[in-house]
Amino acid sequence: MLLADIAEKIYPNGLKAIALKKTGTPVVSVQVWYKTGSFFEERGARGISHFLEHMMFRGSRQVPPEEHARRINDVGGHSNAFTAEDVTAFTNSVPCDFLDMVLSMEADRMDGLTFDPKLFEIERKVIIEEYHTYMNNPVAKAFLEFRTGFYGDHPYAISPLGRIEDVASVSSGRCREYYQRFYTPDNAVIVVVGDVDEAAVFDAAGRHFGEKTARTRKAEYPAINRRKGADRMKRKVEFDVPVLVVGYPAPPSSHEDAVALEILQLVVAGGETSRLHREVVRRRSLAVMAGGMNHLLKNAGMSMFFAAFTPDVGAGRVEQAINNELQRIKNDGITKEEMEKVKNTTLTNRIFELYSADNICQRIGYSETVEGDYRLWVDRLEALRNLDRGRLVEAARRWWDDADKHVLFLEPRRSNSMLFIAGLARRIFGAGRKKTAKGGT
Amino acid sequence: MKFNYVFPPMDEFEIAGGLKVICMPDHEQSGCVVALQLPMGRFSDPPGREGLCEITCGLLSKGSEGVTADEFAEKLENAGATLFSDVGEEYCVLGIRMLASSARSLMPLFVEMLYRPQFAKEEFARLKQEMITGLEAERTDTSLVALRHFYSALAGKEHPAGRFSSVQSLKAVSIADVKGFFSDYFSPVNALCVVAGDFDREPLRQLVTAQFSQWVHTKGKTAVIAPPLQRHPGQATVRIVNKPDVTQTSLAIGHASPGEKCPEKTRCFSPTIFSGAEISRRGSWPASALPAAKPTASVRSCSLRPISAHS
């Protein structure tokens, strides 16, 4: 299988199908990506994309409620769905003889949802519970608040789960309007990866989706009016472990600096040889764990680093330690060895991704719908190979700007003496001791 | 419906020390995975030392007599490789994922950590702290709290299924415990090694044999297979855990059920052999919407403040 073998077809109604033949196992992964998510939600309807994702399993013209998942399970497959800020995707994996069955059911629910009122109300309760489950986690809850510092009142500030009051009150009619507006062939991408010929994929997609009408009304994308400037947030939480998060605004996922920021993330926070782990966790014993992530969306992003520490360590020291590591990169860049490590890690991850049709589908779908072109997924490796270390320093300086730094400190509401003592003991007896290959410490 | 799939041929053999090996050449991509299954798990933890197996596995990559923890991490990550471990009830799996081209240089490193781990004091302290922090963090997850109490109520504290690691049990584990556990369980005698990767059959067999042939350890405990859970038809137990700081109630409802006892399955998939628990319904409701419980059988209630998820 070569990634150069990825084929695409655009139908007259605007639907795009992308196919890749992957032999080895007789399965096929079929995913339908709609280019809509919480980003497109209006006031009063925050959470409607996720609501609709649930309703997509609650019956369409030819497929009774819950039947989609049941039919797929019956042939040994599995199906699922997810809603994100920029996209909503439906995933199916089946033996390759059942490609046609899956496409037929996906086509049916693209424009034939029944919106049974009773099921709509049942699903509302399910979604409200999903929301509660999420908000039960004090860290997740505080993190949502943290996002508002980056995105203000823009929909990106809100989780795709939406606002509870909107989910509780949104009407079936409004949900149907949203569905008719965004669930259309010209707003969808079908990705098929598996042991099937591309001609068979395009033929089946044409048969099932070709007659559908393009009718997406283009949305006015809300602009992100965030104020530039540093921000600090401190929240008392029902959580025994103090956590510090440092974040910076980051570019959209398709930006030319996206690759550079991914590499920088790996150097600073990826694995046990990362700078944060080496320095903040192991050498100075300031944190129990430290990490980071880039959350790059279609139109904006965040670059974040975090540390969880014991109560005997002040948040100020942890923040300073994180700052020091970021500053070192801005001043001195990364080493040749670090660059080599990142390349090897990325290459290995890519190789293992390629074992799974589901993973390949996911990557192609994401790159096509969020980043704008599935080829970006393929081209990233080449971009990484050619990236020079000077570019990384430039990107670090451009995006990790202290004048635009956001800090979130989650302080436990109760002090946990056991954690305090354990942390102190570890720092006294375990920190900064030089290890030798033989003979212990 | 018919499947034309033929499972790739596997090469099964035993190495001198007693290690059983299954190799599967797979040329689809250029990766390689080595997974070693050992007959130890959560159930092997002595009472009061819950977490011992996990600590022992976690310390393996933190330095050996010949390689420091930093060197381990450096060599693995520079090659883009990843170590993984999965501690189950009766068995655990330790493994390494890497490019096939790195296998000749990294497999000796993997073997080194199995042969001669150092169990350094500071690494031991660091790992325990990390696990304690993880436990503290888990206490916010109501479904996990419910699940642990469910098993605890169903199996009782005398049964290993009813015991979980806690801050107290982790603190009670000593380095001597870890060394003893390692000596008892890390043996090729009851282990199974599965290797799949971009190799031809013969070179793969030679590579694995060369790497593991020095692993000799004549003793080796077998897995702790817990006795079946007692069933009490007609008798139900309700355990209520008061966790005042959450907005949601989680329920775990279930019963004892027969376990997996097929030896063939054990070899390949490491299922739970003891008679397990079937959770027929588990869900979450807002705390305010939970109707007043009207138990019809024995009721055990515990009000915890702060909650002890692992009692």
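The structure is a predicted model, in which local features need pLDDT of at least 70 and side-chain atom pairs count only at pLDDT 80 or more, while totals for chains, interfaces and linings use all residues. Residues are numbered from 1 along each chain as its sequence is written.

Chain A holds 16 helices and eleven strands, taken as DSSP runs numbered from the N terminus (helices: H or I, at least four residues; strands: E, at least two). Its radius of gyration, taken over C-alpha atoms, is 24 Å, close to the 22 Å from the globule rule (2.2 Å times the number of residues to the power 0.38) for 441 residues, so chain A is as compact as a globular protein of that length. Of these 441 residues, 58% count as buried, meaning under 20% relative accessible area with a 1.4 Å probe, protein chains only.

Turning to the sheet, six strands of chain A lie in the order 1-2-6-3-5-4, forming an open sheet with mixed pairing; two strands pair if DSSP finds at least two bridges between them. Strand 1 (7–10) and strand 4 (78–83) of chain A are the edge strands, each pairing on one side only. Within the sheet, strand 3 (residues 27–34) and strand 6 (residues 188–194) of chain A are antiparallel partners over seven bridges. Val30(A) stands opposite Val192(A) of strand 6 of chain A. Helix 8 (residues 198–209) of chain A packs on the sheet and touches strand 1, strand 2 (16–21) and strand 6 of chain A, where contact means heavy atoms within 4.5 Å.

Conventions:
Chains are lettered from A and ligands numbered from 1 in the order in which they are written. Side-chain values use heavy atoms; hydrogens and water are left out. Axes are lines fitted to C-alpha atoms, for helices over the stretch in contact, and angles run from 0 to 180 degrees between N-to-C directions. Buried means under 20% relative accessible area, exposed over 50%, partly exposed in between (1.4 Å probe, protein chains only).
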